[in-house]
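Hi,

Here is the structure I said I'd pass on. Have a look at it first, and then read my notes below.

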Amino acid sequence: MIATGGVMALTRRARGMGLAAMHAEIDFEALRDRNESIEGRINRSITTLLESQGVRLVRGSGSLLDAHTVRIDSADGTEEIHADAILLATGSRPRVPDWAEVDGDRVLTTRQAYPPKEMPSHLAVIGSGVTGVEFVHMFSSFGSKVSLVVSRQQVLPSKDPEVASELEQNFIERGVNLLKGARASAIDRTDDGVIVHCDDGRKVECSHALLAIGSVPNIEGLGLDAAGVELGANGYVVSTGHHCQSNVSHIYSAGDLSGKLPLSSVASMQGRKIAEHVMGLHAHDHRHLDYDKAASAIFTEPEIADVGLAEADAFADGRKIRVTKVPFSASAKALIEGDARGFVKILSDPATGVVLGGSIVGRNAAELISVIALAVTAGLKVADIAESLLVHPSLAEALADAAD
Ligand SMILES: Cc1cc2nc3c(=O)[nH]c(=O)nc-3n(C[C@H](O)[C@H](O)[C@H](O)COP(=O)(O)OP(=O)(O)OC[C@H]3O[C@@H](n4cnc5c(N)ncnc54)[C@H](O)[C@@H]3O)c2cc1C
């Protein structure tokens, strides 16, 4: 849906690209079909891949009867499986506060909003973290009026303030109504919409409300007690050591349930590392998963991506770092493509030149961050990026400039 909204946004920029004005309209049914088709293709290809490797897929609900026995309840009945090793990967679900009643109609969780049953005329998004801002971007691209309830003074409170401010600027230009320093505390249904009440007395009258205030682990009915698996104070499975093991050494947890970074990329890498560990396939050059080196992206406009050390964290630790920043307004390719918003920022060790982290705001940030992610993982130096002979014109040239 974000990709479709991006095409709509492109048509709005047509004039700036030397074209006559273009106008795109949403075909809601076609959009829904497209989503289902892509999801179906991904599901089918993964199913085929698993089956081709001899994996038996059992469609049902699993729970632990003890530390070695999994019970599966499915449409075909119940079966029990004895296992030497067990991987728990039941994920998480959106958090619903007690002051909100989700009906999937007007008051939605993030899982119910792509696509929603109807396009909101005015959507109030509650929560300005990664998920919240992506939904703000998506629905405002489609032309919905959007209000964003931001509990702090900065959208994306956990991100670099310079990065957050670029996005905030874009939201303001698009007419997004930002309610900063406001905490939603109640949602009332009206005849034709909802009213979101904030604890400071402000309220938003809108057609739909979307809750994007974090997630909770799927642990109910899993039989963790029966297997002796411990949970941390945050309700996620406790992880011991470097191999995603729970306190019961042959029971592992991966993905959102492990309470690490809630990213698909992290979940699948954990799965891979766990499989290697279970099978005793530790290569001599085995590397432990380093969550501090995970790249992540926010699919907004401009796109945002970062990896490794954050400037604020380095500052808080009193760590000396070199920070270099290059705006895309200096990039020939960005100007040619008619979108020169944003920048590249690279953090490195001033003594050794080793790349420690970076942020990118702008077109294709999620793709471009791979270069910095590779540098961070491989311990490359800024000179390795700066002295790469890159394509001209390309957005990646900004990386080399920032590394120079
Ligand atoms: C709106 C949204 C956008 C996101 N965008 C991104 C993104 O752009 N990039 C990114 O990297 N991450 C993204 N994420 C995060 C990503 O989706 C999760 O981190 C990832 O799906 C976690 O994988 P998982 O396997 O732990 O859980 P899930 O993908 O949630 O899978 C868990 C599965 O377990 C099943 N299950 C639960 N209980 C049982 C049981 N008892 N028995 C059998 N099955 C069970 C569930 O039905 C589900 O199918 C996004 C998340 C949201 C909500």
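**Around the ligand**

Sorted by class, the shell around the ligand holds 6 nonpolar, 10 polar and 1 charged residues. One thing to keep in mind while you browse: this is a predicted model. The ligand is surrounded by 17 residues, and the closest are Thr90, Gly91, Gly255, Leu263 and Ser264. As for where they sit, strand 1 (60–66) and helix 6 (264–278) each give at least two residues to that shell, and helix 6 has the largest share with 3 residues.

**Ser92**

I also looked at Ser92, which is in strand 5 (residues 92–94). Leaving out neighbours within four places in sequence, Ser92 is in contact with Ser215, Val216, Pro217, Asn218, Asp256, Leu257 and Pro262. Ser258 is 166 residues away from Ser92 along the chain, yet their C-alpha atoms are separated by 9.8 Å.

**The cores**

The largest nonpolar core has 73 residues, and Val125, Ile126, Leu148, Val149, Val196, Leu210 and Ile369 have the most contacts inside it. Helix 9 (residues 365–378) gives the most to this core, 8 residues. Domain 3 (96–213) and domain 4 (295–403) each contribute at least three residues to this core. Apart from it there is another core, of 15 residues, including Leu64, Leu222, Val237 and Ile251.

Cheers

Conventions. Residues numbered from 1 in each chain as written. Predicted model: local features only at pLDDT ≥ 70, side-chain atom pairs only at ≥ 80, totals over all residues. Near = placed C-beta within 6 Å. Helix = DSSP H or I, 4+ residues; strand = E, 2+ residues; numbered from the N terminus. Nonpolar A, V, L, I, M, F, W, Y, C, P; charged D, E, K, R; others polar. Core = buried A, V, L, I, M, F, W, Y, C linked by C-beta atoms within 7 Å. Buried ≥ 20, exposed ≤ 12 C-beta atoms within 10 Å, placed from the backbone. Domains from an automatic or database assignment. Contact = placed C-beta atoms within 7 Å.
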